[in-house]
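Here is a short tour of one protein chain, written to be read with the model open beside you. Take a look first, and then we can walk through it together.

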Amino acid sequence: MPENDGKLTRRGLLHSGMRGAGLLGFGGAAGFLAGREERSRTVWQIDPDKCIQCGLCATECVLEVSAVKCVHSHGMCGYCELCTGYFEPEPIALDEGAENQLCPTGAIERAFVEDPYYEYRIKEDLCVGCGKCVKGCNMFGNGSLYLQVRHDRCIDCNVCAIATACPSQAFRRVPATEPYLLRGKGDGEK
């Protein structure tokens, strides 16, 4: 190869440019795969301490029925006769009539235990993730009801539509090995 006395030639420039583009492409592909691998090790979840029960979980999910469901922490529950997550704020009567229930789909089941205690169970197949029961439980109760992404239903979108719309930024990615966040644990942003 003839010596070029340190001058930049068209061929040299083209060769350097191709080598640089190749390295850039390789680096970009590696970064893409690393990001993809990182996302596969994490899942979307709602931080119950940040959630404001705005109702967007029921309407913004790409699924026909939201992957967000109400969950009940039975250890925190007071098993009250007047459950503020079950009843309207000023119910006509303390019975299971639809006019007295807060849940628009009847997803909370109330069962008598013994006077004055009742047990409340969530029927997830009826829950749409609207958060009305959670809001009632947080305002007047002990906060034993909260919203969570159910991973057996979630399709784990790259960019979750609910997370994008969430006004309190309560959605975040958490390790797939620990996909559920418990209320009051104060684990903060990771």
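## Rings, a strand and a serine

Tyr 118 is buried, with a relative accessible area of 14%. Please keep in mind that this is a predicted model.

How many aromatic pairs does the model hold? The count comes to 3 aromatic pairs. One of them is formed by Tyr 86 and Tyr 120, a tilted pair with 5.5 Å centre to centre and 50° between the planes. This pair links distant parts of the chain, since Tyr 86 sits in the loop between S2 and S3 while Tyr 120 belongs to strand S4 (residues 117–122), 34 residues apart. Another pair brings us back to Tyr 118: its ring and that of Phe 112 have centres 5.3 Å apart and planes at 70°, so the pair is edge-to-face. Ring pairs also link Phe 87 with Tyr 86 and Tyr 120 into a cluster.

| Residue | Relative accessible area | State |
|---|---|---|
| Tyr 86 | 2% | buried |
| Tyr 120 | 2% | buried |
| Phe 112 | 52% | exposed |
| Tyr 118 | 14% | buried |

Phe 112 counts as exposed because its 52% lies over the 50% cut-off.

Now to strand S2 (residues 68–72), where 5 of its 5 residues are buried. In a regular strand, side chains alternate between the two faces of the sheet. Here, Val 68, Cys 70 and His 72 point one way, Lys 69 and Val 71 point the other way, and all are buried. S2 runs antiparallel to strand S5 (residues 145–149), and 5 bridges join the two. Within S5, Gln 148 is the bridge partner of Lys 69.

Ser 66 is buried, at a relative accessible area of 2%. Its side chain reaches the backbone oxygen of Cys 57 at 2.7 Å, and a polar atom of that side chain lies 3.0 Å from the backbone nitrogen of Val 68. Residues touched by Ser 66 include Ala 58, Cys 61, Val 128 and Ile 162.

Finally, which residues of helix H3 (residues 132–140) are buried? They are Cys 133, Val 134, Gly 136 and Cys 137. These residues cover an arc of only 165° around the axis, so they lie on the same side of H3. Their cover includes S2, strand S3 (108–114) and S5.

Note on methods
Residues are numbered from 1 along each chain as its sequence is written. This is a predicted model: local features need pLDDT of at least 70, side-chain atom pairs count only at pLDDT 80 or more; totals for chains, interfaces and linings use all residues. Side-chain values use heavy atoms; hydrogens and water are left out. Buried means under 20% relative accessible area, exposed over 50%, partly exposed in between (1.4 Å probe, protein chains only). Helices (H or I, at least four residues) and strands (E, at least two) are DSSP runs, numbered from the N terminus. Two strands pair if DSSP finds at least two bridges between them. A polar contact is a pair of N or O atoms within 3.5 Å; within protein, one must be able to donate a hydrogen and the other to accept it, and residues adjacent in sequence count only if both atoms are side-chain atoms. Contact means heavy atoms within 4.5 Å. The arc is that of the directions from the helix axis to the C-beta atoms. Rings of Phe, Tyr and Trp (its six-membered ring) pair if their centres lie within 6.5 Å; planes under 30 degrees apart count as stacked, over 60 as edge-to-face and the rest as tilted. Lists of a residue's contacts leave out its neighbours within four places in sequence.
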